[in-house]
Amino acid sequence: MQLLPEPVRRLAAWCAVVLLVSGVVWIVALLCGQFRTAVVPVLLALLGTALLGPLHRWLMRVGVHRSLAAGITCVAVVAVVGGAVYIVVTALIDTGDQILASLKRAAKSLGRYFGAAGTSLDDLASHARELVTKFGGTAASNVISGVSVVAESLAMAVLALLLVFFFLRDSDRAVGLLRSLAPHGSADALEATARRAFQAVEGFMRGTTVIAFIDATLITVGLLVLHVPGAIGLGALVFVGAYIPYLGAFISGAVAVLVALADRGLVIALWALGVVIAVQVLDGHVLQPVVQSRTVRMHPAAVLLALTAGASVAGILGMLLAVPVTAAAFGVAHELRSRYGSGPEVSQDG
């Protein structure tokens, strides 16, 4: 007995699907939050495996044993991450006072032009160190909590490194296990979907790292030519910010322009703004299409929504992980659409 017309029943069915998917996603996010000490290392290990997986495969092609190649790759992970952290932290420490002083002067300049809004910026800059000191004092007053957080972070980092080793060494076994767990007749589709998801993450990590290095180098050279103080530290900030698409580039570029405005005046600030805009145009129209893998095709609106959701769930860490996870989801959706959404014709790629 059909009490409702067909359009209403279709709408009700779609609403039920949306509610069901939303509930599953919410439960998964809740469980990930409860088991974050196990989930975060797995996600970080997958990102590390995606980034340095090509090195492991190259070592195996030249005759290195699988386990030794995985060990060398893990050493490379430590070297790359440790080196990057050292360079960024050193650059920010060496030029951090200059950048903060320049931002304070920029806030005062904005205060003369924009009145109350600029005064608020000036107050924020003036009390920045006081706020940092208060946060530091709060953290120091709770020694047990601070030690537990540090110990938990170190444990997750060590676990992630060990997982990178096992993911690299036993990747073929993982494929076999995945196929053995697949329902009857769906092993090929499940393997292809998993490979497409991992290829999307691999493409994102590799492409983002290359683009971040190019953007940071170009902006650093431009700021050095303009004699903007703290150019190395600002370049390091650009490199780190590139892993948070759009938002990171906007924040790091704005900081560079404000520093140039404070120390070099309006004309140099406009030149710095031109450098930042030129690099972003180059990024969007040349680097992204050429460098970034074709497996990652996400609309900017989807990226911004993913960043917002990641930040609401897990703060900065959620923002860093949101886009790779979304890239994997897009890869899965693309594979499923190519297999089941094209009628009798099945796509051959994948």
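Predicted model: local features only at pLDDT ≥ 70, side-chain atom pairs only at ≥ 80, totals over all residues.

Cys 15 has 39% relative accessibility, so it counts as partly exposed, the class between under 20% and over 50%. I then checked Cys 74, which has a relative accessible area of 7% and is therefore buried. I also looked for disulfides and found 0 in the structure.

Next entry: Thr 193. I located Thr 193 in helix 8. Leaving out residues up to four places away in sequence, I listed what Thr 193 touches: Val 332, Glu 335 and Leu 336.

Next entry: the cores. Which residues touch the most other members of the largest nonpolar core? I noted Leu 47, Val 201, Met 205, Met 298, Val 303, Leu 307 and Val 323, out of 19 residues in that core. Two or more residues come from each of helix 2 (36–61), helix 8 (187–225) and helix 11 (300–340). Helix 11 gives the largest share of this core, with 7 residues.

Setting aside neighbours within four places in sequence, Met 205 is in contact with Leu 47, Ala 50, Leu 51 and Tyr 243. Apart from this core I found another, of 16 residues, including Ala 216, Leu 226, Val 238 and Ala 260.

How values were computed
Residues numbered from 1 in each chain as written. Heavy atoms only, no water. Core = buried A, V, L, I, M, F, W, Y, C linked by side-chain atoms within 4.5 Å. Buried < 20%, exposed > 50% of the residue type's maximum accessible area, 1.4 Å probe, protein only. Helix = DSSP H or I, 4+ residues; strand = E, 2+ residues; numbered from the N terminus. Contact = heavy atoms within 4.5 Å. Disulfide = S-S within 2.5 Å.
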